[in-house]
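Visitor: I have a model open on my screen. Can you show me how to read it, feature by feature?

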Amino acid sequence: MQHASSELKLMIQAAQAAGQGLLQRFGQLGELGVRTKTGPADLVSIADEEAERTVREILGKARPTFSFVGEEGGTSRGSDDAQAWIVDPLDGTTNFLFGTPLWGINVALEREGEVVAGVTWLPALREMFVAEQGGGAWLNSEAIHVSARHRLVDSVISCGIPFAGKPDHPVFAREMALLSERTAGIRRTGACSVDMAYVAAGRWDAYWERALNAWDMAPGVILVREAGGVASSVTGGLLDIHGGNVCVSNGHIQGALMEQLSRALEAPTS
């Protein structure tokens, strides 16, 4: 990416540093699962905390006045609270735990309530997605763009599937009933960071999820927008990254997708 800001360069550095430690831990999972009774879950928790600490130290040293919002360590208010780092040190934890390479590090910069830069680093896949406001979206130094498909029936879309302890299982069942017969396919990688980056790169045509945190979606939002797509709430309204849900798409199929997602919210008639 040409003309990256000092903040974006810093975010890339922090994500790569955290990724080095995570890759080491990722390589230890198989051996640990064989040799211990508890399995690798404790190691994943340690890896998660280590990664956030690495990111926090690099970003905090360079920009000590910025606030920091992290999945593991919570929010630390800086003296310049108009600017905040938003970090998920290990998105796709279950994938990581099970030895699947679909996991990543999310680092975003929010300025006065708007995401202005984002990095999604997928170490096991060696894919670095970056975007900055007005600078386009990039994958490993190559410009990326959303897909050009205009019809929902021709589109492959991705989603978040609620698991045990998550809400909205009946709504999701209705979404699948409506969308499986109206699309070319529905996918789920198990990591919001991956799914949103794939929309930006044109690998998927859309992605939605109803139960998310800001650190899950923040980099993906600017990636998709800078790649030419759109980002909204799941009801089609203005997106609040702290609002708990998101829908991103290439823009062309947004209206048709919104129509079906809205239908899924309607109570079934008996």
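**Reading the model**

Guide: Start with Ser 141. With a relative accessibility of 53%, Ser 141 counts as exposed. Ser 141 belongs to the loop between strand 7 (137–139) and strand 8 (142–144). Keep in mind that this is a predicted model.

Visitor: What is the phi of Ser 141 near?

Guide: The general idea comes before the case. Most residues other than glycine have a negative phi. Here, phi of Ser 141 is near 75 degrees, a positive value in a residue other than glycine. Arg 126 is another case, with a positive phi near 60 degrees. Arg 126 sits in the loop between strand 5 (114–122) and strand 6 (127–132). Its relative accessibility is 68%, so Arg 126 counts as exposed.

Visitor: What average pLDDT does the protein have?

Guide: The protein averages a pLDDT of 93, and 94% of the residues score at least 70. One stretch needs care. Over residues 33–38, pLDDT stays under 50. For that stretch the model has two contacts beyond four places in sequence.

Visitor: Now helices. How do I read the sides of one?

Guide: An α-helix has 3.6 residues a turn, so residues three or four places apart point the same way. Take helix 2 (residues 41–62). Its buried residues are Leu 43, Val 44, Ala 47, Asp 48, Ala 51, Glu 52, Val 55, Ile 58 and Leu 59. These cover an arc of only 165 degrees around the axis, which puts them on the same side of helix 2. The face turned away from that buried side carries the exposed residues Glu 57 and Lys 61.

Visitor: How many Å should helix 2 span?

Guide: Count 1.5 Å a residue, and the 22 residues of helix 2 should span 32 Å. The end C-alpha atoms are 32 Å apart, which agrees.

Visitor: Which residues of helix 4 are buried?

Guide: In helix 4 (residues 169–179), the buried residues are Val 171, Phe 172, Glu 175, Met 176, Leu 178 and Leu 179. They cover an arc of only 165 degrees around the axis, so they lie on the same side of helix 4. As for partners, the buried residues of helix 4 pack against strand 9 (156–159), strand 10 (185–187), strand 11 (206–209) and helix 7.

Visitor: And helix 5: how many of its residues are buried?

Guide: Nine of the nine residues of helix 5 are buried, so helix 5 is largely enclosed by the rest of the structure. Among them are Cys 192, Asp 195, Met 196 and Tyr 198.

Visitor: Which residues have the most contacts inside the largest nonpolar core?

Guide: In soluble globular proteins, nonpolar side chains tend to be buried together. The largest nonpolar core here has 37 residues, and those with the most contacts inside it are Ile 241 and Val 246. Strand 5, strand 6, strand 7, helix 5 (192–200), helix 6 (214–226) and strand 13 (246–249) each supply at least two residues of this core. Helix 6 gives the most, with eight residues. Apart from this core lies another, of 34 residues, among them Ala 14, Ala 47, Ile 105 and Val 119.

Visitor: What is Ile 241 in contact with?

Guide: Leave aside neighbours within four places in sequence. Ile 241 is then in contact with Ile 86, Glu 110, Val 115, Asn 213, Ala 214, Met 217, Ala 218 and Val 221.

Visitor: Where is Ser 5 found?

Guide: Ser 5 is found in the segment before helix 1 (6–35). Its relative accessible area is 19%, so Ser 5 is buried; the cut-off is under 20%. The side chain of Ser 5 reaches the backbone nitrogen of Leu 8 at 3.1 Å. That side chain also makes a polar contact with the side chain of Glu 132, at 2.3 Å.

Definitions and conventions
Residues numbered from 1 in each chain as written. Predicted model: local features only at pLDDT ≥ 70, side-chain atom pairs only at ≥ 80, totals over all residues. Heavy atoms only, no water. Helix = DSSP H or I, 4+ residues; strand = E, 2+ residues; numbered from the N terminus. Expected span 1.5 Å × (residues − 1). Buried < 20%, exposed > 50% of the residue type's maximum accessible area, 1.4 Å probe, protein only. Arc of directions from axis to C-beta. Core = buried A, V, L, I, M, F, W, Y, C linked by side-chain atoms within 4.5 Å. Contact = heavy atoms within 4.5 Å. Polar contact = N/O pair within 3.5 Å; in protein donor to acceptor, adjacent residues only side chain to side chain. pLDDT = per-residue confidence, 0-100.
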